[in-house]
Amino acid sequence: MYRLPWVVLFGTFLTRLWTSAQGLYVDNGDPYDEGPLEVLTLSISQNDAPMLTKVYYPTRIDTYAVLFFTGGYQGDIPSELYSDVLVRVASHGFVVIGIDYMPMVTATANVRDRSQRLGGDHTQKYMEELQWVTKNLEARIAQHLNRTGLVPDFSHLAIGCHSAGCDPLVKMTLQNHTFSKAALLLEPFSFNYATPVPFQMPAFILGTELSTQPHACVRPGQGYNHFYDMWKCPRMLIAVKDHGHCDIYNETWYKACQLTHFCKTNPDVDINKYHNFIQGISAAFLTTTLQGQDKLQYITNTTLLPVQLLEYKNDMNC
Ligand SMILES: *[C@@H]1O[C@H](CO)[C@@H](O)[C@H](O)[C@H]1NC(C)=O
Ligand SMILES: *[C@@H]1O[C@H](CO)[C@@H](O)[C@H](O)[C@H]1NC(C)=O
Ligand SMILES: *[C@@H]1O[C@H](CO)[C@@H](O)[C@H](O)[C@H]1NC(C)=O
Ligand SMILES: *[C@@H]1O[C@H](CO)[C@@H](O)[C@H](O)[C@H]1NC(C)=O
């Protein structure tokens, strides 16, 4: 692929985003460095919001782009397990909203209902959650921070997900193409996603080598390559070598995954280094697509990446 036309085309796309992104906090640093902002965690119970909600937000008063994130197994894996990565992303100037389909205790009690749920459609509940946070989050943050003025800007929102958490969020975007400006699909997996996306929304898709090896946590035909094939441009895919499906979790949970052999893991993994990679590539993508600052070279210049690549492809020619 010729690099120049690609840059020019994507430049047009960026310019369009840039003009509408003014007034937002912009991260000017290297996305692989620790973000400059201090981050607080706000919990909102599922009796209050439609779903259990963990919000990771920078303490500095400003207006921020939003990441609407849900964990694996269609949201049953609590977003707390991803807090190390999510806090690091927030420190680059994002309000990160982690949504749990149900709290851990209920999730275990309801195992019997799972087979029914997995075939079902949960997009409506996520839609209600999105409407609730859009309406209430600014006030909740002000209450938590004891100061007003911090604005989560829902007109600059991306969906983010891990594994089968991507199922309901992608279905949401199929129902409504405009609420989200970008899709951060971290090791996406779907039980039944078969509809090609008919509209343009930039997507970054991450895959890991070990996720499809026994004990496999992702069926190859329904994982990252499937999402890449279903997506329309602009789209980018990076699959990393020697990493597995649990490496994104906080260290304690990664170790639990390793001990139980829940998914295949590599015993030599440096979790801190890997989390730094995920937050860096996520911040580079989200800063470009939501904050309007071109950081694509931190994704496309693969020689700079702190991991070994299994596969890299992109399609920006739209
Ligand atoms: C990881 O998540 C747990 C909650 O499950 C939390 O107590 C812990 O502080 C988190 N660790 C990091 C490094 O964020
Ligand atoms: C806000 O005020 C409450 C009550 O005074 C206090 O407990 C809490 O720590 C404060 N929060 C912050 C972020 O300063
Ligand atoms: C899609 O989402 C946007 C932004 O949240 C909202 O304004 C619009 O009404 C939604 N469209 C439909 C058809 O629900
Ligand atoms: C990628 O990064 C390397 C190391 O900083 C640099 O030497 C090279 O010119 C970059 N390549 C492109 C295409 O920007």
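In which hand, left or right, does helix 3 cross helix 10? Let's work through this together, keeping in mind that the model is predicted.

Two packed helices are described by the angle between their axes and the distance between the axes. Here, helix 3 covers residues 83–90 and helix 10 covers residues 271–291. Their axes sit 9 Å apart, and the packing angle is about 40 degrees. Helix 3 is therefore oblique to helix 10. As for the opening question, the crossing of helix 3 past helix 10 is right-handed.

Now turn to ligand 1. Around this ligand you will find Glu80, Ser83, Asp84, Asn250 and Trp253. By type, the shell is made up of two charged residues, two polar ones and one nonpolar one. In Asn250, a side-chain N or O atom is 2.3 Å from an oxygen atom of ligand 1. For Trp253, the corresponding distance from a side-chain N or O atom to an oxygen atom of the ligand is 3.2 Å, and for Ser83 it is 3.4 Å. On its own, ligand 1 has 360 Å² of accessible area, and the protein covers 47% of that.

Ligand 2 is our last stop. The residues around ligand 2 are Leu40, His144 and Asn146. His144 takes part through its backbone, with an N or O atom 3.3 Å from a nitrogen atom of ligand 2. Asn146 uses its side chain instead: a polar atom there lies 2.3 Å from an oxygen atom of ligand 2. The protein covers 29% of the 360 Å² of accessible area that ligand 2 has on its own.

Conventions
Residues numbered from 1 in each chain as written. Chains lettered and ligands numbered in written order. Predicted model: local features only at pLDDT ≥ 70, side-chain atom pairs only at ≥ 80, totals over all residues. Heavy atoms only, no water. Near = heavy atom within 4 Å. Polar contact = N/O pair within 3.5 Å; in protein donor to acceptor, adjacent residues only side chain to side chain. Areas by Shrake-Rupley, 256 points an atom, 1.4 Å probe, with all protein chains shown as cover. Nonpolar A, V, L, I, M, F, W, Y, C, P; charged D, E, K, R; others polar. Axes fitted to C-alpha atoms, helices over the stretch in contact; angles between N-to-C directions. Helix = DSSP H or I, 4+ residues; strand = E, 2+ residues; numbered from the N terminus. Parallel < 35°, antiparallel > 145°, perpendicular 65-115°, else oblique. Left-handed = near helix turned anticlockwise from the far one by under 90°.
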